[in-house]
Amino acid sequence: MKKNLIDRSGGVCELCGATENLDVFGVEPSNGKDSQSILICTTCKGQIEGEVALDANHWRCLNDSMWSVVPAVQVMAYRMLKKIDNQDLLGMMYLEPEVLEWANMVTEDETETTKPVKDSNGSTLEAGDSVTVIKDLEVKGAGFTAKRGTVVKNIGLNGIEGQIEGRVNGTRIVLLSKFLKKV
Ligand SMILES: [Zn+2]
């Protein structure tokens with residue numbers, strides 16, 4: 001597969017033209033086929049994957065590569081232009097409708113899917129649920145212990161895996177869901 005891409009690109013990074021450290025990169029959502037992969041260098045890859053800070057100067061290379069006839073390259077160029085917010089070039093770019101659709105499949109800000117909060121039995125807890133505390137929990141900072149058997153009504157989620165918020169002894173506290181049971 002890499003050989004096919006090297007033949008297609010002429011042995012250079014399909015985004016910036018670099019000739020070294022080239023690797024195959026699947027343009028998401030990729031089916032692993034050549035047509036959905038591009039040959040890129042580690043400099044491009046590092047910035048695409050967010051391991052290295054975006055360097056707008058480096059992406060001047062898109063001036064050229066955005067005109068590639070390879071849809072996968074067009075998609076990546078389009079996404080990177082969006083990331084560096086180069087509206088001028090974006091405005092010049094023309095993508096076939098299905099290529100544009102592909103380009104927009106992955107949004108720039110991949111919203112992290114929050115994992116469900118599970119209680120001690122593995123039941124998913126949601127805001128508004130009631131739970132009981134299954135063991136005495138010392139509430140640090142609040143100076144009391146949430147006793148086993150305490151019912152906490154109308155819990156809230158704070159977006160952190162394994163945690164909920166609820167009112168115990170009149171104080172709103174964070175509780176670990178593994179010590180709770182849905183009622
Ligand atoms: Zn490159």
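I started just after α4 (71-83), where aspartate 85 takes a positive phi of about 60°. Helices (H or I, at least four residues) and strands (E, at least two) are DSSP runs numbered from the N terminus.

Housekeeping: I am looking at a predicted model, where local features need pLDDT of at least 70, side-chain atom pairs count only at pLDDT 80 or more, and totals for chains, interfaces and linings use all residues. Residues are numbered from 1 along each chain as its sequence is written.

Next I checked the span of α4. Its 13 residues reach 18 Å from first C-alpha to last, close to the 18 Å expected at 1.5 Å a residue (1.5 Å times one less than the number of residues).

Which α4 residues are buried? I found Ala72, Val73, Gln74, Val75, Met76, Ala77, Tyr78, Met80 and Leu81. Buried means 20 or more other C-beta atoms within 10 Å of the residue's own, with C-beta atoms placed from the backbone. These residues pack against β2, α2 (42-48), α3 (62-65), α5 (87-92) and α6.

Last, I noted domain 1 (2-103) and domain 2 (117-182), bounds from an automatic or database assignment. Their centres, taken over C-alpha atoms, are 47 Å apart.

Methods: A residue is buried if 20 or more other C-beta atoms lie within 10 Å of its own, exposed if 12 or fewer, and partly exposed in between; C-beta atoms are placed from the backbone. Two residues are in contact if their C-beta atoms, placed from the backbone, lie within 7 Å.
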